[in-house]
Amino acid sequence: MLHQETVEEEKKLQVYLWPEPFCFEATPEEKKISELFPFSEEGMEQAIDWMNERYELVRYRE
């Protein structure tokens, strides 16, 4: 999940990831991870890279 967050009066891109099989609301907080990125095109690219890295970490554990 991606959404805009304001941190110290600055727009940020907040990204959340969580494991299957549940939706965001039904997943316990301790199973969710999140990261903040600049609210910009570059920040979006960083967020995508971060999500792909996390996916690869989980993928190779299976």
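A polar contact is a pair of N or O atoms within 3.5 Å; within protein, one must be able to donate a hydrogen and the other to accept it, and residues adjacent in sequence count only if both atoms are side-chain atoms. The views below come from a predicted model, where local features need pLDDT of at least 70, side-chain atom pairs count only at pLDDT 80 or more, and totals for chains, interfaces and linings use all residues. Residues are numbered from 1 along each chain as its sequence is written, and side-chain values use heavy atoms, leaving out hydrogens and water.

**View 1. The polar partners of K32.** The side chain of K32 makes a polar contact with the side chain of E29, at 2.8 Å. A polar atom of the K32 side chain also lies 3.0 Å from the backbone oxygen of F24.

View 2. Look for K32 in the loop between strand 2 and strand 3 (strands are DSSP runs of E, at least two residues, and helices are runs of H or I, at least four, numbered from the N terminus). Is K32 buried or exposed? K32 is buried, with a relative accessible area of 12% (buried means under 20%, exposed over 50%, partly exposed in between, with a 1.4 Å probe and protein chains only). Beyond its neighbours within four places in sequence, K32 is in contact with L17, W18, F24 and T27 (contact means heavy atoms within 4.5 Å).

View 3. Helix 1 spans residues 41–59. Its buried residues include G43, A47 and W50. Strand 2 (10–17) and strand 3 (33–38) are among what covers the buried residues of helix 1. On the face turned away from the buried side, you can find the exposed residues E41, E42 and Y55.

Conventions:
Expected span 1.5 Å × (residues − 1).
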